[in-house]
Amino acid sequence: MRSWSKSSRADISTISFATRSRGGSHIRASVCCSRERADAAPLGFVANEYALAIWALNDMGEMVKTRRLDLAKLFDEDMLGDDLDAWLAESSLMKRSFGVCAIISGLIERRHPGQEKSGRQMTVSWDLIYDVLRQHEPDHILLRAAFADAATGLIDVGRLNQFLQRICGRIRHIALSQVSPLAVPAMLEIRRESVAGEASETLLRETVEELIAEAFSGHAQRKA
Amino acid sequence: MLNAKLDLMPESAPSLRSHILVANHEMRPLAAGALYWEAEDTLLVADLHFEKGAAFAALGMLLPPYDTRTTLERLHKVISAVEPSRIVALGDSFHRSNLAESLAEDDLAMLTRLQQGREWYWICGNHDPHLPACIGGTICTTLTINGITLRHEPSENGSGREIAGHLHPVARIARRGSVIRRRCFATDGNRLVMPAFGAYAGGLNVLDQAFGTLFLRNRLEAWMMGRADVYPVLGSLLLPD
């Protein structure tokens, strides 16, 4: 486990995870689920077959060092329960998976490139449908299909379990002064998968607070 | 003393307020997408689009038919939070006028319960120009309360001083490389356009040309809907889609 913080403006911190096994792509979703639980305000993640990169508002390397973030606990097997299900249900990953199912089933029409946007009234976006359907018919066949796709294609819960058993007690954290070569391919794809959660609320709050600060300093300057 | 206080709170600091000023009337935006006018004890909602699922089903697109119920439940939550004595729905409350007559029995019962003990106004929109009497409340085309006109479509000219719906505004900003897109209350302090409340109602970027010259650009603010709070963001920070 290697972490690297871009400390100049503490813009984002990333943590990358290198392993020689082929479990990488399957652990991404669940890691983000526990990340949220661990309060690091994750913004997103990307993974390939041997590396996982997560970026967050809080400095995760620092959190590990000061023991506010326990890596062993983070990758504990117990993440594979209700937490994962609950996180998955809210995730953009699951909504996308539902969107694909909705198009295949003919529930909604695919919008082709170049096709005129038909305006706000003519279409219903599938994330709105997803929220309504999940609330009223959580067992609907399209939701089950979307979950099955997400659970086998995007995260393989069985392999994930084996992987977590294998790394248990064998995690080392190394803080790097620069990006490790193994992390580069994952970092090039950064921003690919975003995590909806508290982080975007934090970003909104921050934007507003900055506006207040600017308004105050502008006012002070005018006074002077 | 008063002067000192004013100095600390310059008008240009938009987020010190939890209230939006519309023609100097204080309005409290709620994270659910409704606007509460405390001085008039009035709750405003726009573009409920009840029965949109049914309207699409009639065209052969079989969307899950729970949108009306979901919207009603969200409405119930807001109403029980503020307990207003008056509610105004700013048009497009029903996706089709005629579908208002065929509202499911339990949905109609829930709507009637929400109306109990309060004044209820339906302003007609382009989607629901002819509302039937069976939905209760008072049906009107515009409503003026204390100098502020409530209408469905914002007026192109005129002095403003109005609150409208119709356009389903959404604001988009980028922060630390993440893009955030939320429904929003769009205002320039004189005119306000409400976010759409309906479960199946989509959104339109507030910088889209459909908004035209509705707002004074240098005074535009988008109050973006968060999970629990509404965040006022200056127009200059907004991004197009």
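Residues are numbered from 1 along each chain as its sequence is written, while chains are lettered from A in the order in which they are written. In this predicted model, local features need pLDDT of at least 70 and side-chain atom pairs count only at pLDDT 80 or more, whereas totals for chains, interfaces and linings use all residues.

**View 1. Chain A contains ten helices and six strands.** Helices (H or I, at least four residues) and strands (E, at least two) are DSSP runs, numbered from the N terminus. Of the 224 residues in this chain, 37% are buried; a residue is buried if 20 or more other C-beta atoms, placed from the backbone, lie within 10 Å of its own. Residues are in contact if their C-beta atoms, placed from the backbone, lie within 7 Å. Of the contacts in chain A between residues at least 6 apart in sequence, 77% join residues at least 24 apart.

**View 2. The largest nonpolar core comprises 103 residues.** Such a core is a set of buried Ala, Val, Leu, Ile, Met, Phe, Trp, Tyr and Cys residues joined through C-beta atoms within 7 Å. B:Leu44, B:Val45, B:Leu90, B:Cys184 and B:Met224 have the most contacts inside it. Leaving aside residues up to four places away in sequence, B:Met224 touches A:Leu204 of the other chain and several residues of chain B, including B:Cys184 and B:Val230.

**View 3. Helix α3 of chain B spans residues 67–82.** From first C-alpha to last, this helix of 16 residues reaches 23 Å, close to the expected 22 Å, a value given by 1.5 Å times one less than the number of residues. Its buried residues include B:Asp67, B:Leu72 and B:Leu75. Among the elements covering the buried residues are α6 (126–136) of chain A and β4 (42–45) of chain B. Just after α3(B), B:Glu83 takes a positive phi of about 45 degrees.

**View 4. Seven strands of chain B form an open sheet with mixed pairing, in the order β1-β2-β3-β4-β5-β6-β7.** Strands β1 (20–22) and β7 (138–140) are the edges, each pairing on one side only. Two strands pair if DSSP finds at least two bridges between them. Strands β2 (25–29) and β3 (35–37) of chain B are antiparallel over two bridges, and B:Pro29 stands opposite B:Leu35.

**View 5. At the interface, 31 residues of chain A are in contact with 34 residues of chain B.** On the side of chain A, α10 (198–223) gives the most, with 14 residues.

Note on methods. A residue is buried if 20 or more other C-beta atoms lie within 10 Å of its own, exposed if 12 or fewer, and partly exposed in between; C-beta atoms are placed from the backbone. Two residues are in contact if their C-beta atoms, placed from the backbone, lie within 7 Å.
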